[in-house]
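Biologist: Could you take me closely through one part of this model, the open sheet and what surrounds it, in one connected account?

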Amino acid sequence: MLRKSKAFSSFSVGDLSKAKTFYHEILELDVEEDEMGFLSLHFSKGADVIVYPKPNHTPATFTVLNFPVEDVDKAVDELASKGVKFEQYEDPIKTDEKGICRGGGGPMIAWFKDPAGNILSVLEEL
């Protein structure tokens, strides 16, 4: 029934202005603010993610957006140079000093947060 639907994802933030700056200037995404005050993050192949303001926003406790990249180390270094702080995990996921998980049965991945505290990642392109 929904197989041909153009599905999209969305998540909330507490401060839309901070989110717009972060996603456009730091992550260098194509960001558009619509007439309802929502942000559309535009990605290749026509995919969009909607970011909406929520006064009582609570950050997600899981990864809301993953960015596949060719070189995780390079992506981490570039984002860190722009002030992005990478999460450090010990158990059950172990990250190195840069915040990169290099084992555990999956691709190399590093997690960071947006200004609203939502968890994002850069991960090795499969």
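Modeller: Two strands count as paired if DSSP finds at least two bridges between them, and the elements themselves are DSSP runs numbered from the N terminus, helices being H or I with at least four residues and strands E with at least two. This is a predicted model, in which local features need pLDDT of at least 70 and side-chain atom pairs count only at pLDDT 80 or more, while totals for chains, interfaces and linings use all residues. Residues are numbered from 1 along each chain as its sequence is written, and side-chain values use heavy atoms, with hydrogens and water left out.

Four strands make up an open sheet with mixed pairing, in the order S5-S8-S7-S6. S5 and strand S6 (100-101) are at the edges and have a single partner strand each, so one side of each is left without a neighbour in the sheet. S5 runs parallel to strand S8 (residues 119-124), and six bridges join them; Asn66, for instance, has Ser121 in S8 as its bridge partner. Helix H2 packs on this sheet and touches S5, S6, strand S7 (109-113) and S8, where contact means heavy atoms within 4.5 Å. The direction of H2 makes about 140° with that of S8, taking axes as lines fitted to C-alpha atoms, for helices over the stretch in contact, and angles from 0 to 180 degrees between N-to-C directions.
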